[in-house]
Amino acid sequence: MTDKLVKLAKKGNKEAFYKLIYHFQNDLYRIAKSRLYHEDDVCDAIQETIICAYQSINKLIKVSSFKSWLIKILINNCNKIYQENKTSTSLFTENELSTSYELDTNIEFLNLMNSLNIDERTICILYYQDGYSTKEISKILNMNHSTVRSKILRAKKKLEISLKEVL
C-alpha cells in the first residue's frame with residue numbers, strides 16, 4: 001500500500017503524501033527524539049523533513065525506499081539542528097517527559113537511552129524498533145557497515161551495565 005501512495009505522491013497527489021507522512025509520523029518522532037534534546041527542535045526537524053520530502057519527492061528513484069529516504073532527510077535535519085544547539089546536555093527535561101508520545105513515557109527506558117551517545121541511540125532505534133538491518137542503517141547514516149555493527153555491540157554493553165545498576 002505504501003508503494004502505491006508513494007507513486008501517487010510522486011505524481012503530485014497531496015492527499016497521498018499526507019497519508020504517507022501520517023503513516024510514518026511515530027517513526028519520525030521517535031528517531032528525531034533520539035537525536036535532539038528539546039521538543040521544539042524535534043518538531044522543527046520533522047517539519048523541515050516533511051517540507052523537504054514534499055519538495056523533492058520527484059527525485060526519489062526507488063519507490064520502495066521511501067521510508068529510508070525520509071529517515072535520511074530527517075537525520076540530516078536533526079544533525080543540522082543539533083550542530084546549531086550544542087549547548088544542551090540532557091536528552092530529556094522533566095517538562096518534555098510529560099509532553100512526549102506514549103512510546104516515550106517509560107522513564108527507565110529513557111534513562112537507559114540517555115546512557116548512549118547520539119549515534120548509538122539512533123542506531124538502536126533503527127535496528128531494534130524499526131527493524132532495519134545493519135546494512136540498511138549504514139546506508140541511511142552514511143557509516144561503514146562494520147562501524148554500525150560495533151556501535152550496536154557497544155550500545156548493548158552500555159545498556160547491560162545500566163540495567164545491572166537499575167536492577
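This is a predicted model: local features need pLDDT of at least 70, side-chain atom pairs count only at pLDDT 80 or more; totals for chains, interfaces and linings use all residues.
**Group meeting: ring pairs and salt bridges**

Tyrosine 127 has a relative accessible area of 32%, so it counts as partly exposed.

Tyrosine 127 has a ring partner, tyrosine 128, and the two sit edge-to-face, with 4.8 Å from centre to centre and 85° between the planes. Tyrosine 128 is partly exposed as well, at 45% relative accessibility.

How many aromatic pairs are there by this rule? The count comes to five. Another of them is phenylalanine 17 with tyrosine 54: the ring centres are 5.2 Å apart and the planes meet at 65°, so this pair is edge-to-face. Phenylalanine 17 belongs to helix H2 (residues 14-35) and tyrosine 54 to helix H3 (residues 39-56), so the contact ties together parts that are 37 residues apart in sequence. Is phenylalanine 17 buried or exposed? Its relative accessibility is 6%, so phenylalanine 17 counts as buried, whereas tyrosine 54 is partly exposed at 39%. There is also a cluster, in which ring pairs link Phe24, Phe66 and Trp69.

Now to the charges. Side chains of opposite charge can pair when their charged atoms come close. Here the count of salt bridges comes to seven. One of these joins lysine 67 and aspartate 27, at 3.3 Å from N to O. Lysine 67 lies in helix H4 (residues 66-84) and aspartate 27 in helix H2, 40 residues apart. With a relative accessible area of 15%, aspartate 27 is buried.

Next, aspartate 130 bridges to arginine 30, with the closest N and O atoms 2.3 Å apart. Where do these partners sit? Aspartate 130 is in the loop between helix H7 (118-129) and H8, and arginine 30 is in helix H2, 100 residues apart. Both aspartate 130 and arginine 30 are buried.

A further bridge pairs lysine 158 with glutamate 120, at 2.9 Å from N to O. This one links helix H9 (residues 145-166), which holds lysine 158, to helix H7, which holds glutamate 120, across 38 residues. Lysine 158 is partly exposed at 29% relative accessibility, while glutamate 120 is buried at 0%. As for shared partners, Asp27, Arg30, Lys67 and Asp130 are joined by salt bridges into one network.

Last stop, the surface. Lys62, Lys135, Lys139 and Arg149 gather there in a patch of positive charge. Lysine 135 is part of helix H8 (residues 134-141), and at 55% relative accessibility it counts as exposed.

Terms used: Residues are numbered from 1 along each chain as its sequence is written. Side-chain values use heavy atoms; hydrogens and water are left out. Patches are made of residues with over 30% relative accessible area and no salt bridge: like charges are joined within 9 Å, nonpolar side chains (Val, Leu, Ile, Met, Phe, Trp, Tyr) within 5 Å. Accessible areas come from the Shrake-Rupley method with a 1.4 Å probe; for residues, only the protein chains shown count as cover. A salt bridge is a side-chain nitrogen of Lys or Arg within 4 Å of a carboxyl oxygen of Asp or Glu. Lys and Arg count as positive and Asp and Glu as negative; His and the chain ends are not counted. The place of a charge is taken as NZ of Lys, CZ of Arg, CG of Asp or CD of Glu. Helices (H or I, at least four residues) and strands (E, at least two) are DSSP runs, numbered from the N terminus. Buried means under 20% relative accessible area, exposed over 50%, partly exposed in between (1.4 Å probe, protein chains only). Rings of Phe, Tyr and Trp (its six-membered ring) pair if their centres lie within 6.5 Å; planes under 30 degrees apart count as stacked, over 60 as edge-to-face and the rest as tilted.
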